Amino acid sequence: MSRVFRFGVIGCGLMGREFASAAARWLHLSNPAARPEIVAVCDTNPALMDWFADHVPSVRQCTTDYRELLANPDVDLLCRTACPAPGILHRDPGGRKASAG
């Protein structure tokens with residue numbers, strides 16, 4: 001039995017969809033010790049989150065506020081794909097999730 005790691009994805013554009021695609025292909029591995037599951041997504045563009053709602057059935061939270069995603073107790077790990085953001089914005093969400101436990 002593999003352990004499930006529940007991910008929250010911040011940034012639902014191309015790289016967010018690439019992460020979802022990689023997570024979906026995980027089932028092709030032989031006897032994986034862990035399995036990723038995307039349970040929450042965040043983006044300032046709601047249209048990008050629609051793709052996740054339509055294609056990733058495990059997603060239970062869609063939000064435009066990253067703080068709501070970070071507060072979600074079902075999120076074990078964070079995948080940040082919002083690359084164009086200034087570095088200070090990349091550090092803030094990760095640090096907040098770490099502080100939230």
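## Close-up views of a predicted model

**View 1. Serine 58 sits in the loop between α2 and β3 (61-63).** Helices (H or I, at least four residues) and strands (E, at least two) are DSSP runs, numbered from the N terminus. This is a predicted model: local features need pLDDT of at least 70, side-chain atom pairs count only at pLDDT 80 or more, and totals for chains, interfaces and linings use all residues. Residues are numbered from 1 along each chain as its sequence is written, and side-chain values use heavy atoms, leaving out hydrogens and water. Is serine 58 buried or exposed? Serine 58 counts as buried because its relative accessibility is 18%. Buried means under 20% relative accessible area, exposed over 50%, and partly exposed in between (1.4 Å probe, protein chains only). The serine 58 side chain reaches the backbone oxygen of isoleucine 38 at 2.5 Å. Not counting residues up to four places away in sequence, serine 58 touches Glu37, Ile38 and Val39. Contact means heavy atoms within 4.5 Å.

**View 2. The largest nonpolar core has 12 residues.** Among them are Phe7, Ala20, Ile38, Met49 and Phe52. At least two core residues come from each of β1 (3-10), α1 (14-25), β2 (34-42) and α2 (46-55). Apart from this core lies another, of seven residues, including Ile10, Cys42, Leu70 and Val75. A nonpolar core is a set of buried Ala, Val, Leu, Ile, Met, Phe, Trp, Tyr and Cys residues joined through side-chain atoms within 4.5 Å. In soluble globular proteins, nonpolar side chains tend to be buried together.

View 3. An α-helix has 3.6 residues a turn, so residues three or four places apart point the same way.

**View 4. Tryptophan 51 and phenylalanine 52 form an edge-to-face aromatic pair.** Their ring centres are 5.1 Å apart, with 80° between the planes. Rings of Phe, Tyr and Trp (its six-membered ring) pair if their centres lie within 6.5 Å; planes under 30 degrees apart count as stacked, over 60 as edge-to-face and the rest as tilted. Tryptophan 51 is partly exposed, at 29% relative accessibility. Phenylalanine 52 is buried, at 0%.

Notes
A polar contact is a pair of N or O atoms within 3.5 Å; within protein, one must be able to donate a hydrogen and the other to accept it, and residues adjacent in sequence count only if both atoms are side-chain atoms.
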